[in-house]
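Here is a short report on one protein chain. Keep the sequence and the 3D view open as you read.

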Amino acid sequence: MAMVSPDRHQPVSLRLQDETSHPQFSDLFPFMSEQDTLYLDNAATTLKAEPVLRAISDYYRFHCAPIHRSAYPRGYDATEAYEAGRQKVADFIGAAANEVIVTKSATEGINQVAYGWALPRLKSGKQIWITDLEHNANYLPWQRVCDQTGATLRRIAVNDDGSLDLDEPDIWGEDTVLIAVSHCSNVIGGEFPVKEICQRASGKGIAVLVDAAQSVGHQSLDIRDIGCDFLVFSAHKMYGPEGIGILYCHSARQQQMSPLLLGGGIVSDISTDGNIKWLNSVERFESGSPHAAGMAGLVAAIDSVQYLGIDNIKSHLFSLESQARTQLQALPEVSVLPRGGAAQGSCLLSFSVKGVHPHDLADVIWESAGISLRTGSHCAHLLMNRYQMSALTRISFAAYNSDKAMSSLTTAVKKAINQFG
């Protein structure tokens, strides 16, 4: 599953104007057309790097075999490659391999923690805290387990500048079981102080889950530095394949957690009287046939991000967002939401235009500039309620986007204002 790797190169600058002048960039996205570079819906899913496509194809063509279930060389090789991929993921986030659980998505990872760890610890009087900025994936599971147990789901207040009000004493009270917070909002971007939250929670015995789905492709993740108990992300938001995600689970919390999905590959024995003995490894949380092709793609995606340099990607995305924010804020009809966490930079932004419905705006932007962006509630209904809006327009950036889209975007917004405003 090793990527046909460009990692022999050093990270390169992503101040891209013309991909043809940057052969290292073309190594990763040789198929990219002018239209592809105008794809600005990367917070939903990113386009896939060429090494990812090759890795998936090569697995199916040359290495396909059952993982953890074979007594012949091809199966052994596939299993070794899969577990090497787990180690690659662990190294990428600063964890140990036996703390990395492979899921189908970040959403599944959150549900695993909600039902496998939190549910047995909840009862009337207990609390889970989230924020008003969460994706529904980091809201609905907690609401359900609280409803089922009589516990209370509470929300950390969001200040007008996009920062969190962490001074509410009840957050850190003895009744709090867990805090679940996004590292980066899927609507207002930015970066939330997850390390500070973990430090304050640790002294109180409170568990913390970090949703890193929107940050994994451009922010360095060091589990030991952050200090969280759980962390989730999906490969498809970092140039990798769909259908595979990661749940980091601290070894101590792992021993307290039961499997969410039951099936093959997770038990070491079932006695004649039905007594079940779970595997004493992360495999007990990975029921069913492992997504080996997805792991091959995830490894290639990590290689691609490391090849470009995650600090370079972050700098490039923040530069694009800053340009877009400055140009849009110069238009009196446009309201741009603040960055999450009152951050100085972001990989995305959301805005509204007075007198223009977001769907109409998106149509004009596509027809006049060929730019793909997202409108709607963004699966973040708590946030929409917080800002008293029913829909927003969002632009989100990736490594393959360039400055070219910015002037075209602003011109298209002005056209929509003139047409509908």
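Ile276 lies in strand 9. Helices (H or I, at least four residues) and strands (E, at least two) are DSSP runs, numbered from the N terminus. The model is predicted: local features need pLDDT of at least 70, side-chain atom pairs count only at pLDDT 80 or more, and totals for chains, interfaces and linings use all residues. Residues are numbered from 1 along each chain as its sequence is written, and side-chain values use heavy atoms, without hydrogens and water.

**Surface patch**

Ile276 belongs to a nonpolar surface patch of about 450 Å². Patch residues have over 30% relative accessible area and no salt bridge, and their nonpolar side chains (Val, Leu, Ile, Met, Phe, Trp, Tyr) are joined within 5 Å; like charges are joined within 9 Å. Areas come from the Shrake-Rupley method with a 1.4 Å probe.

**Salt bridges**

The whole structure holds 15 salt bridges. Each is a side-chain nitrogen of Lys or Arg within 4 Å of a carboxyl oxygen of Asp or Glu. Arg394 pairs with Asp41, with the closest N and O atoms 3.0 Å apart. This pair links distant parts of the chain, 353 residues apart. Arg394 sits in strand 13, and Asp41 in the loop between helix 1 and helix 2.
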